[in-house]
Amino acid sequence: MISVRDAQTHILDRITTVAAPELLPLAAALGRVLAEDVRSEMDVPPTTNSAVDGYAVAAADIPATGTRALTVVGELAAGAVFSGALQRGQALRIMTGAPMPAGADTVYLQENVERDGDRVVVGAMASGVNVRHRGEDVQAGAVVLVAGSVLRPQEIGVAASLGLAQLLVRQKPRVAILSTGDEVAEPGTSRKPGQIFDSNRFSLRGLVEAAGAEAVDDGIVPDQFDELHARLLRAAEHADVVLTSGGVSVGDYDLVKSVLQQAGGIHFWQVAMQPGRPLAAGSIGRAHFFGLPGNPVASMLTFHLFVRPALWKLAGRRELFAQPFHATAAEPLSKKIGRREFKRGILSWAQDHWDVRTTGPQGSGILTSMTTANCFIVIEEERGDVQTGETVWVEPFQAL
Ligand code: AMP
Ligand code: MG
């Protein structure tokens with residue numbers, strides 16, 4: 001038996017390369033991992049400008065009490081530049097985003113003044129307000145985006161605000177996915193007696209894509225030694241990672257194990273966890289290999305724990321694990337000491353804290369427990385049964 005943590009460490013230690021970089025236009029970079037730091041060559045905003053629609057004035061013209069009439073000397077739209085400079089007693093009608101004219105440092109909201117022809121009457125107010133200063137968002141020379149970050153919509157927006165049209169990102173790791181088992185039938189075909197439809201290849205494909213990698217569907221492989229051997233070797237030629245489900249436990253037909261024992265460099269672990277004990281990890285040829293358990297919940301969970309961090313490391317990500325957080329058990333949870341248990345949980349807000357309960361029966365073949373759940377409840381190795389009201393860790397499912 002090996003702990004979840006030790007299995008994760010072994011797996012991640014073996015990943016020593018990072019996917020090659022490629023240059024992508026911003027529109028194609030969402031979800032990719034940045035391959036280099038992005039340093040700004042400019043100040044953002046590039047000029048000090050008005051934050052509101054109103055009247056730009058000099059602080060010296062703001063009355064301490066009462067009102068003052070100023071002469072409106074022009075109007076400045078966003079995108080235009082005022083060529084002169086404001087003199088004492090003058091104001092400039094200005095729109096949001098237009099550069100502040102020379103001589104002005106404060107903007108009155110248009111709602112707060114009285115306009116009469118070419119005059120505007122202003123009252124007391126703090127100087128320097130309603131102005132956005134050059135470089136207040138980004139200063140020239142600053143590192144704004146860090147290598148290894150995932151490009152979310154906001155990172156892409158920031159890159160665009162610096163004038164960049166392309167970013168250097170990591171290529172997506174390619175992941176070949178195979179299902180094993182004579183009993184596994186292709187959805188959409190007629191199922192023979194004794195067969196079940198393949199779900200793992202589809203849930204795993206979704207997990208692969210949601211993790212930012214590219215999935216290659218290598219189909220279903222029957223429980224035949226030569227066939228499995230040939231298909232795994234072929235998959236390893238065109239993928240960075242080969243992923244199988246089924247065939248890693250100790251049944252008579254669990255061939256992944258015997259095929260890969262020849263390949264060498266593969267570890268077969270009984271991981272101290274529930275569900276999903278058997279796990280194979282190592283390499284075939286140039287590809288990393290993961291043999292996940294066949295039970296549908298176990299294959300999704302072992303992907304989440306072992307494969308996703310590996311894909312993220314391959315893709316150059318800095319953060320390999322999502323942050324768990326605390327919730328209150330809203331029902332008793334049975335737990336065996338000595339292994340890490342993952343229950344399918346439903347998190348809900350209860351006035352001032354998060355409650356979590358299970359989805360019901362927790363068998364590792366009950367795949368619908370994953371559809372009614374929105375998180376895993378994680379109960380640590382050393383812990384026994386959990387009583388209602390105790391604190392537990394939860395890991396929310398990744399949003400798609
Ligand atoms: P195995 O590890 O091959 O003994 O499989 C364990 C359990 O998972 C068995 O009940 C299999 O029928 C089931 N199983 C294996 N592969 C799949 C799959 N691709 N889709 C759904 N269930 C599967
Ligand atoms: Mg099998």
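Three aromatic pairs turn up in this predicted model. The rule takes rings of Phe, Tyr and Trp (its six-membered ring) and pairs them if their centres lie within 6.5 Å; planes under 30 degrees apart count as stacked, over 60 as edge-to-face and the rest as tilted.

One of the pairs is F342 with F376, edge-to-face, at 6.3 Å centre to centre and 85 degrees between the planes. F342 sits in strand β23, residues 340-350, and F376 in strand β25, residues 375-379, so this pair ties together parts 34 residues apart in sequence. Strands here are DSSP runs of E with at least two residues, helices are runs of H or I with at least four, and both are numbered from the N terminus.

Buried means under 20% relative accessible area, exposed over 50%, and partly exposed in between, with a 1.4 Å probe and protein chains only.

F376 also pairs with F397: the ring centres are 5.0 Å apart and the planes are at 70 degrees, so this pair is edge-to-face. F376 is in strand β25 while F397 is in the segment after β26 (391-396), so the pair ties together parts 21 residues apart in sequence. F397 counts as partly exposed, at 24% relative accessibility.

Now the whole chain. It has seven helices and 26 strands. Its radius of gyration is 30 Å, well over the 21 Å that the globule rule gives for 400 residues, so the chain is more spread out than a compact globule. That radius is taken over C-alpha atoms, and the rule is 2.2 Å times the number of residues to the power 0.38. The C-alpha trace spans about 95 × 50 × 40 Å along its principal axes.

Of the 400 residues, 46% count as buried. Among contacts (heavy atoms within 4.5 Å) with a separation of 6 or more, 70% come from residues 24 or more positions apart.

Last, the conventions. Residues are numbered from 1 along each chain as its sequence is written, and chains are lettered from A and ligands numbered from 1 in the order in which they are written. Local features need pLDDT of at least 70, side-chain atom pairs count only at pLDDT 80 or more, totals for chains, interfaces and linings use all residues, and side-chain values use heavy atoms, with hydrogens and water left out.
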